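Student: I would like to learn how to read the features of a model like this one. Please take them in turn, with the general idea before the case.

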Amino acid sequence: MLTLFHHPMFASCRFVRLAFGEYGEELALIEEKPWARRREFLALNAAGTLPVLLAEGDVPIIGAGVIAEYLDETRGVLKRERRLFAEDPMERAEIRRLVDWYLVKTDSEVTKHLVRERVLKPLMPNEVGGGSPDSGAIRAARANIRQHMKYTNWLAGTRHWLAGPRITYADLAAAAGISVLDYLGEIDWSDNSAARDWYTRVKSRPSFRPLLGDRVRGISPVSHYADLDF
């Protein structure tokens with residue numbers, strides 16, 4: 001069994017867990033607090049970032065995008081219609097674009113700020129950036145949610161899955177970040193019916209079940225978080 005160093009509220013880590021789950025691959029999970037800068041973890045990844053996969057031979061593979069490419073090359077190419085990438089290079093380009101949109105753009109404008117301020121800072125020592133949440137950072141992140149959900153709603157309303165006719169890495173990247181925001185109660189689903197229907201389909205997949213059981217100290221999820229029909 002491969003090992004994933006992760007944090008349950010990082011979208012990039014959830015993305016990797018969903019991808020392995022779609023292929024029926026179990027992962028041993030080690031929750032890492034990157035601000036702690038553990039010597040053993042830094043020996044695997046000097047940058048101190050997540051996620052990190054210990055692959056065959058305990059070789060570290062670092063970063064969600066790199067792990068996704070590794071997973072496709074070692075497992076995905078054998079899955080045929082269940083492959084999370086497309087055979088066509090233009091379709092693969094669209095999948096990569098959307099993975100980047102959700103794991104980089106949405107994360108940098110919304111998700112990571114809300115996670116840092118609402119989830120991580122209360123747990124972090126003051127000397128490494130812990131303390132009271134920055135209300136200005138929270139307001140700025142919340143102001144960006146509407147546009148990202150509007151775009152997701154458009155994608156979900158014009159395509160069967162976000163990147164085309166079947167589920168791909170694009171859907172898993174989007175669902176990974178949106179599930180974090182949903183856990184925190186930051187999404188108004190009433191304005192995004194197409195996105196809600198799409199998210200319900202993703203949320204109902206077996207690969208998603210472990211994420212619905214995630215909990216973080218000090219913050220309980222919204223009441224509908226684990227409901228498949230919400």
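Student: What radius of gyration does the protein have, and what would a compact globule of 230 residues have?

Tutor: The radius of gyration is taken over C-alpha atoms, and the globule rule is 2.2 Å times the number of residues to the power 0.38. For 230 residues the rule gives a value near 17 Å, and the protein has 17 Å, which agrees. Along its principal axes the C-alpha trace spans about 50 × 50 × 30 Å. This is a predicted model, where local features need pLDDT of at least 70, side-chain atom pairs count only at pLDDT 80 or more, and totals for chains, interfaces and linings use all residues. Residues are numbered from 1 along each chain as its sequence is written, and side-chain values use heavy atoms, with hydrogens and water left out.

Student: How many helices and strands does the protein have?

Tutor: Helices (H or I, at least four residues) and strands (E, at least two) are DSSP runs, numbered from the N terminus. Here there are eight helices and four strands, in the sequence order β-α-β-α-β-β-α-α-α-α-α-α.

Student: Which domains does the assignment give?

Tutor: Domain bounds come from an automatic or database domain assignment. In this protein they are domain 1 (3–82) and domain 2 (89–206). The contact between them, meaning heavy atoms within 4.5 Å, takes 18 residues from domain 1 and 21 residues from domain 2. The C-alpha centres of the two domains lie 19 Å apart.

Student: Where does UniProt place its domain features?

Tutor: UniProt positions are given in the numbering used here, feature names are shortened, and annotations may be inferred rather than shown by experiment. An unreviewed UniProt entry lists "domain: GST N-terminal" at residues 1–79, and "domain: GST C-terminal" is placed by an unreviewed entry at residues 88–222. Residues 1–79 are 37% helix and 20% strand, whereas the span 88–222 is 64% helix and 0% strand.

Student: Is Glu117 buried or exposed?

Tutor: Buried means under 20% relative accessible area, exposed over 50%, and partly exposed in between (1.4 Å probe, protein chains only). Glu117 has a relative accessible area of 2%, so it is buried. Its place is in helix α4 (residues 89–120). Of the 230 residues of the protein, 52% count as buried.

Student: Which side chain makes a polar contact with the side chain of Glu117?

Tutor: A polar contact is a pair of N or O atoms within 3.5 Å; within protein, one must be able to donate a hydrogen and the other to accept it, and residues adjacent in sequence count only if both atoms are side-chain atoms. For Glu117 the partner is the side chain of Arg116, at 2.9 Å. A polar atom of the Glu117 side chain also lies 2.6 Å from the backbone nitrogen of Asp134. Leaving aside neighbours within four places in sequence, the residues in contact with Glu117 are Pro122, Ser132, Pro133, Asp134, Ala137 and Ile138.

Student: Which peptide bond is cis?

Tutor: The bond from Leu50 to Pro51 is cis, with omega near 0 degrees. Pro51 sits in the loop between α2 (39–44) and β3 (52–54).

Student: What is phi of Asp58?

Tutor: Phi of Asp58 is near 60 degrees, a positive value in a residue other than glycine. Asp58 lies in the loop between β3 and β4 (60–62) and counts as exposed because its relative accessibility is 56%. Arg37, not a glycine, has a positive phi of about 50 degrees; its relative accessible area is 47%, so Arg37 is partly exposed.
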